[in-house]
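Here are my notes on the model, as numbered points. Please read them with the coordinates open.

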There are 2 protein chains.
Amino acid sequence: MISQKTKYGLKALGYLAALYGKGPVLIAEIAQKKKIPIKFLETILLQLKQNQILDSKKGKGGGYFLMSSPKKTSLAAVYRIIEGPIAMLPCVSLNFYQRCKDCNEKHCGLNKILIQTRDANLKILEKKTIYDLIDE
Amino acid sequence: MISQKTKYGLKALGYLAALYGKGPVLIAEIAQKKKIPIKFLETILLQLKQNQILDSKKGKGGGYFLMSSPKKTSLAAVYRIIEGPIAMLPCVSLNFYQRCKDCNEKHCGLNKILIQTRDANLKILEKKTIYDLIDE
DNA sequence: ACATTACCCTACTAAAACAGTAGATTTTGC
DNA sequence: GCAAAATCTACTGTTTTAGTAGGGTAATGT
């Protein structure tokens with residue numbers, strides 16, 4: 001299960017993708033259209049900006065917008081920023097790897113299986129982009 | 001990421017799979033070999049017993065053992081018992097489905113993507129069994 | 001019968017993560 | 001300079017996680 005925060009983040013990105021190229025979008029507008037608590041959304045968008053997924057403009061006429069074309073950013077990148085590792089255990093993670101203290105990875109049956117699920121998820125999340133989040 | 005509890009549960013099942021058919025195994029033995037806190041392991045094994053994955057025998061010579069052949073039980077079944085839904089959101093779950101209050105699933109871009117990851121994970125977890133958890 | 005062995009159960013707790021809220025500050029366009 | 005909008009800091013209540021403590025209960029070998 002992903003956190004509410006990740007869900008909201010992805011929804012917001014889908015909304016911004018649909019409006020890509022049309023200038024900054026107000027936080028309030030995203031919050032209202034996607035039914036996300038505005039102050040919570042604030043923290044999410046800020047985090048996405050700090051990681052170069054979004055850019056923003058302050059003051060009147062300001063708002064948030066995608067930093068690059070929605071087809072350029074993979075969902076794997078977004079997922080890692082908001083949610084963290086894609087793998088089910090740290091010892092199987094590519095970007096957040098941590099050695100397993102209590103088992104030998106070379107001989108671990110669980111390890112081999114989780115590598116498979118990791119790769120299956122990666123294959124999808126690396127291919128899909130923010131553009132795919134746009135609602136029909 | 002899966003919880004420590006799920007990780008321990010799977011490790012324990014792998015150990016029991018290797019000893020399948022050789023009679024009950026002591027909790028203390030599993031705990032020591034797999035480096036799991038014994039009292040924590042107790043609760044996990046109990047939960048697996050209550051869900052017909054394990055069976056146990058009390059008294060001298062007692063212990064825990066797999067209820068059926070390790071190749072008969074899928075990891076998907078075990079995962080759902082200890083960890084819960086395999087899907088990333090309730091609105092995409094087969095066994096723990098909950099309608100999305102704030103969006104229309106038919107038109108949700110996120111929904112379509114998460115169905116794909118769910119199916120990819122299911123394909124692996126339904127096929128793999130407790131037998132595959134045995135360490136080399 | 002009885003001690004031993006081992007499963008079973010209840011309650012508790014410290015720490016972390018989650019899901020937000022409140023309010024002040026800074027930047028910008030006009 | 002004013003209003004609109006993002007930004008920053010800090011806080012809070014709730015839930016989940018990862019256990020621990022301590023005993024109760026049931027079965028077994030002798």
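1. Lys35(B) counts as exposed, because its relative accessibility is 52% (exposed means over 50% relative accessible area, buried under 20%, partly exposed in between; 1.4 Å probe, protein chains only). Lys35(B) is not a glycine, yet its phi is positive, at about 55°. It sits in the loop between helix 2 (27-34) and helix 3 (38-50) of chain B. Helices here are DSSP runs of H or I with at least four residues, strands are runs of E with at least two, and both are numbered from the N terminus.

2. A word on provenance. This is a predicted model, in which local features need pLDDT of at least 70 and side-chain atom pairs count only at pLDDT 80 or more, while totals for chains, interfaces and linings use all residues. Residues are numbered from 1 along each chain as its sequence is written, chains are lettered from A and ligands numbered from 1 in the order in which they are written, and side-chain values use heavy atoms, with hydrogens and water left out.

3. Now Lys35(A). Its phi is near 55°, a positive value in a residue other than glycine. The residue lies in the loop between helix 2 and helix 3 of chain A. Lys35(A) counts as exposed because its relative accessibility is 52%.

4. Overall layout of chain A. It has 5 helices and 2 strands. Their order from the N terminus is α-α-α-β-β-α-α. The C-alpha trace spans about 60 × 25 × 25 Å along its principal axes. Of the 136 residues of chain A, 50% count as buried. Take the contacts in chain A (heavy atoms within 4.5 Å) with a separation of 6 or more: residues 24 or more positions apart account for 58% of them.

5. How do helix 1 and helix 2 of chain A cross? The axes of helix 1 (residues 4-18) and helix 2 (residues 27-34) of chain A come within 10 Å and cross at roughly 110°. That makes helix 1 of chain A roughly perpendicular to helix 2 of chain A. The crossing of these two helices is right-handed. On cut-offs: axes are lines fitted to C-alpha atoms, for helices over the stretch in contact, and angles run from 0 to 180 degrees between N-to-C directions. Angles of 65 to 115 degrees count as roughly perpendicular, under 35 as roughly parallel, over 145 as roughly antiparallel and the rest as oblique. A crossing is right-handed if the near helix is turned clockwise from the far one by less than a right angle, and left-handed if anticlockwise.

6. Who meets whom there? Lys11(A), Ala12(A), Tyr15(A) and Leu16(A) of helix 1 of chain A meet Glu29(A), Ile30(A), Lys33(A) and Lys34(A) of helix 2 of chain A. The residues of this contact divide into 4 nonpolar, no polar and 4 charged (Ala, Val, Leu, Ile, Met, Phe, Trp, Tyr, Cys and Pro count as nonpolar, Asp, Glu, Lys and Arg as charged, and the others, Gly among them, as polar).

7. Helix 1 of chain A also packs on helix 3 of chain A, at an angle of about 70° with the axes 10 Å apart. The two are therefore roughly perpendicular to each other. Helix 1 of chain A contributes Lys5(A), Tyr8(A), Gly9(A), Ala12(A) and Leu13(A), and helix 3 of chain A contributes residues including Phe40(A), Ile44(A) and Leu48(A). This contact divides into 8 nonpolar, 2 polar and 1 charged.

8. Which residues have the most contacts inside the largest nonpolar core? They are Leu13(A), Leu48(A) and Ile130(A), in a core of 43 residues. A nonpolar core is a set of buried Ala, Val, Leu, Ile, Met, Phe, Trp, Tyr and Cys residues joined through side-chain atoms within 4.5 Å. Helix 1 of chain A gives the most to this core, with 7 residues. A second, separate core of 42 residues includes Leu114(A), Ala12(B), Tyr64(B) and Tyr79(B).

9. Beyond four places in sequence, the contacts of Ile130(A) include Leu13(A), Ile53(A), Leu66(A) and Val78(A). Ile81(A) lies in helix 4 of chain A. Beyond four places in sequence, Ile81(A) touches Gln47(A), Leu48(A), Asn51(A) and Ile53(A).
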